[in-house]
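Here is a friendly walk through the fold, from the overall build down to a few backbone details. Please keep the viewer open as you read.

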Amino acid sequence: MTHILKNDLLLRTARGEQVERPPVWLMRQAGRILPEYRAVRDSLRDFIELVKTPQRVAEVTIQPVDILGVDAAIIFSDILVIPEAMGLPYEMVEKRGPFFPKTIQTAQDIAGLKIADAEADLGYVAEAIRLTKQALAARVPLIGFAGAPFTIFTYMVEGGGSKTFSKARKMMYQAPELCHLLLQKITDSTIAYLQMQAGAGADIIQIFDSWAGILPPEHYSEFSVPYIAQICDAITTVPKTVFAKGAFFARKELGRLNCEVIGLDWTMNPQESRALVGEQKTLQGNLDPCALYGSYDSIRKETRAMLQSFGGQRHIANLGHGVYPDTEPDKVRCFVETVKEWRN
Ligand code: 1CP
């Protein structure tokens, strides 16, 4: 089924076409800042129930399009549905984040995990994508996503977030072959999952390597990049974005991936990144999320400076990481409107 999108600016920019202005959306736009999201969330038992209720997922996915005016929707879910589908369930602790009652430490633990069966274990995401596409009525593209295998690995080994990720990093020195076994299982699961998302109607997919920045460059090249590369090579029907937060040292290497878009965090200089990544990719980012705590004048100034420094073409405007939960929606709207006023 092909739809003609009314606003396909994001897709044209991802493909490298000349555009009238950069498209704009925000990482974590659905679910962190809108009171309208809170209302839906509070009407259900918890976060995990919401993620598994496609009708409500469609609703919260579309809220930022209606309320913030962004040029794309991102399907409401979490990267941690993959470990769950592999047999390692998580809990979402209110105000604290994810928690895994069981973690992965040994060869036996890894042998006990399965490769996710996308339709059987994650079919609720496909259903949510189909419902969202219908409800969006082709207004803007829908972004699908997954965590990069390395980032998913950290949660499965650590059992949650971490300041140092020392359990995950330790394993890379003590048992590198086990790391590769686990990473390959996650990768196979993720490929099946993203193929399903594209088949259900996701127009572009993003791979979040949120904890890329904790590894020494050599370990990043060995334990993360090859698995992201497998995913990029396997997903052939939609464009792909790779966002590796903190991996400034890997930009040149990431520029060689079989993907259309590279996401930058706010520490990465756009011109330097362009030189490292090359001319063949679209760049996404990278306003400091804290810029949205500034005055309206300062938000407009910072946003225009960012747009200027990317140069207007082959650029998807975004923040350098997810929008922070206590950001005022009106400030986000100011950011979005400033991008939409820009003319190349
Ligand atoms: O009850 C709640 O509302 C829980 C808060 C919440 C929400 C709204 C979590 C817990 N996840 C989500 C949704 C989510 N997660 C989306 C949906 C769309 C959106 O918000 O726009 C997306 C894209 C994610 C992706 C995600 N989850 C990432 C990668 C992106 C990033 O920000 O780096 C990561 C690392 C997670 C794990 C996760 N889930 C939730 C939390 C609090 C965390 C981070 C925990 C930690 O710091 O380790």
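## Overall build

This predicted model has a chain with 16 helices and 9 strands. Its radius of gyration is 19 Å, close to the 20 Å that the globule rule gives for 344 residues, so the chain is as compact as a globular protein of that length. Along the principal axes, the C-alpha atoms fill a box of roughly 55 × 45 × 40 Å.

Of the 344 residues, 59% count as buried. The chain exposes about 14,000 Å², and carbon and sulfur atoms supply 51% of that area. If we take the contacts between residues at least 6 apart in sequence, 74% join residues at least 24 apart.

Is β5 enclosed or open to the outside? In this strand, 6 of the 6 residues are buried, so β5 is largely enclosed by the rest of the structure. In a regular strand the side chains alternate between the two faces of the sheet. In β5, Ile-204, Gln-206 and Phe-208 point one way, while Ile-205, Ile-207 and Asp-209 point the other way.

β5 has a parallel partner in β4, with 5 bridges between them, and Ile-143 stands opposite Ile-204 in β5. Another 5 bridges join β5 to the parallel strand β6 (residues 240-244). In β6, Thr-241 is the bridge partner of Gln-206.

## Helix α9, inside and out

Which residues of α9 (residues 166-174) are buried? They are Ala-168, Met-171 and Met-172. These residues cover an arc of only 105 degrees around the axis, which puts them on the same side of α9. An α-helix has 3.6 residues a turn, so residues three or four places apart point the same way.

The cover over the buried residues of α9 includes α8 (149-158), α10 and α11 (217-223). On the other side of α9, Tyr-173 and Gln-174 are exposed.

## Backbone details to look at

A cis peptide bond joins Gly-285 and Asn-286, with omega at about -10 degrees. Asn-286 belongs to strand β8.

Lys-95 has a positive phi of about 70 degrees and sits in the loop between β2 (91-93) and β3 (97-99). With a relative accessible area of 83%, Lys-95 is exposed. Ala-137 has a positive phi of about 50 degrees, and its place is in the loop between α7 (118-136) and β4. At 39% relative accessibility, Ala-137 counts as partly exposed.

Terms used. Residues numbered from 1 in each chain as written. Predicted model: local features only at pLDDT ≥ 70, side-chain atom pairs only at ≥ 80, totals over all residues. Heavy atoms only, no water. Helix = DSSP H or I, 4+ residues; strand = E, 2+ residues; numbered from the N terminus. Rg over C-alpha atoms; globule rule 2.2 N^0.38 Å. Buried < 20%, exposed > 50% of the residue type's maximum accessible area, 1.4 Å probe, protein only. Contact = heavy atoms within 4.5 Å. Areas by Shrake-Rupley, 256 points an atom, 1.4 Å probe, with all protein chains shown as cover. Arc of directions from axis to C-beta. Pairing = 2+ DSSP bridges.
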